[in-house]
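Student: Please take a close look at the pockets of this protein and tell me what lines them.

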Amino acid sequence: NGTIKLKEVTKNYPNGVAALKDISLTVQTGEFVYLVGQSGAGKSTLVKLLYRELVPTSGEITVNGFDLQHLREREVPKLRRTLGVVFQDFKLLPKMTVAENVGYALHVLGKNNDEIRSAVTQVLAEVGLEAQADHFPDELSGGQQQRIAIARAIVNSPQIVIADEPTGNLDPKTSAGIMTIFQRINDRGTTVIMATHNQQIVDELPHRVVEVVDGQIVRDEEGGQYTHEL
Ligand code: ADP
Ligand code: ADP
């Protein structure tokens with residue numbers, strides 16, 4: 001699979017904020033999509049709907065073949081196993097080593113230690129951090145921590161990688177290195193959808209740009225720049 005489809009999706013928060021207003025969006029297998037827009041536009045809300053952190057107020061969402069409208073609460077882990085999610089603040093577990101952070105999801109799935117060790121070694125190599133396997137997250141730089149988080153996101157070979165401001169805490173040079181890794185993941189055919197307000201990365205690594213303003217999609221442009229000349 002690797003597809004995402006939103007049809008007339010609206011999300012109102014309990015306090016009355018209308019975060020998304022009747023959004024429709026289709027992403028095909030293997031696409032790389034930037035969700036851009038100012039802070040408060042609704043990018044995070046859209047991303048959270050995809051991995052069922054939030055439920056829409058109305059509308060239909062299909063992710064990787066899962067009809068989220070009819071997904072039971074106990075089936076949510078099944079959906080999430082097909083997704084890799086990367087956050088701005090890394091969300092690594094501080095008391096686990098790098099290797100344990102990356103392998104944890106496989107451990108929960110009941111994979112044996114040999115399988116885990118081999119998968120962890122492989123993804124750590126892909127993000128260039130084999131040597132840090134037995135370190136703890138707080139011994140690493142921000143860029144290295146984000147690489148670990150990406151390794152964790154891809155260790156189970158997800159068909160879709162979802163990233164919410166993955167370079168938000170990183171300097172421009174480190175961000176460029178992180179983007180190279182996302183590009184490589186996409187080159188293998190994995191769908192990537194990334195919320196970002198980082199103009200430099202969007203302009204330097206052109207992909208489809210979906211711009212959100214005040215809860216609505218105002219632009220959907222293949223190979224677009226961050227800002228749009230009207
Ligand atoms: P972005 O990711 O583009 O910065 P968000 O999706 O975080 O935008 O926010 C969209 C709107 O929804 C904003 O007005 C924000 O204040 C509001 N919002 C976000 N999360 C919540 C929440 N948990 N409860 C109420 N309002 C929220
Ligand atoms: P083990 O039971 O094999 O000693 P640990 O409990 O120390 O493993 O670590 C948790 C998981 O992380 C294990 O399943 C293991 O396969 C993996 N792991 C631990 N250290 C490394 C490493 N240096 N390189 C790759 N994977 C590792």
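**The pockets**

Tutor: In this predicted model, the largest pocket holds about 680 Å³ of space. Its lining is made up of 22 residues, and those nearest the centre are Arg-80, Arg-81, Leu-83, Ala-105 and Arg-152. Four elements each supply at least two residues of this lining: the helices α2 (76-81), α3 (98-108) and α5 (142-154), and the strand β6 (83-87). Sorted by class, the lining of the largest pocket has 14 nonpolar residues, five charged and three polar.

The second largest pocket has a volume of about 410 Å³. It is lined by 15 residues, with Ala-99, Glu-100, Ile-116, Arg-117 and Val-120 closest to its centre. The most comes from α4, which gives six residues. By class, the lining of the second largest pocket divides into six nonpolar, five polar and four charged residues.

Asp-171 caps its N-terminal end, with a side-chain oxygen 3.1 Å from the backbone nitrogen of Lys-173. The buried residues of α6 include Ile-178, Ile-181, Phe-182 and Ile-185. Gly-189, with a positive phi near 105°, follows α6.

Note on methods: Residues numbered from 1 in each chain as written. Chains lettered and ligands numbered in written order. Predicted model: local features only at pLDDT ≥ 70, side-chain atom pairs only at ≥ 80, totals over all residues. Heavy atoms only, no water. 1 Å grid on protein atoms, 1.4 Å probe; cavity = no way out; pocket = protein on both sides within 12 Å on 5 of 7 lines; lining within 4 Å. Points joined across faces, edges and corners; volume = space filled by probe spheres on them. Nonpolar A, V, L, I, M, F, W, Y, C, P; charged D, E, K, R; others polar. Buried < 20%, exposed > 50% of the residue type's maximum accessible area, 1.4 Å probe, protein only. Polar contact = N/O pair within 3.5 Å; in protein donor to acceptor, adjacent residues only side chain to side chain.
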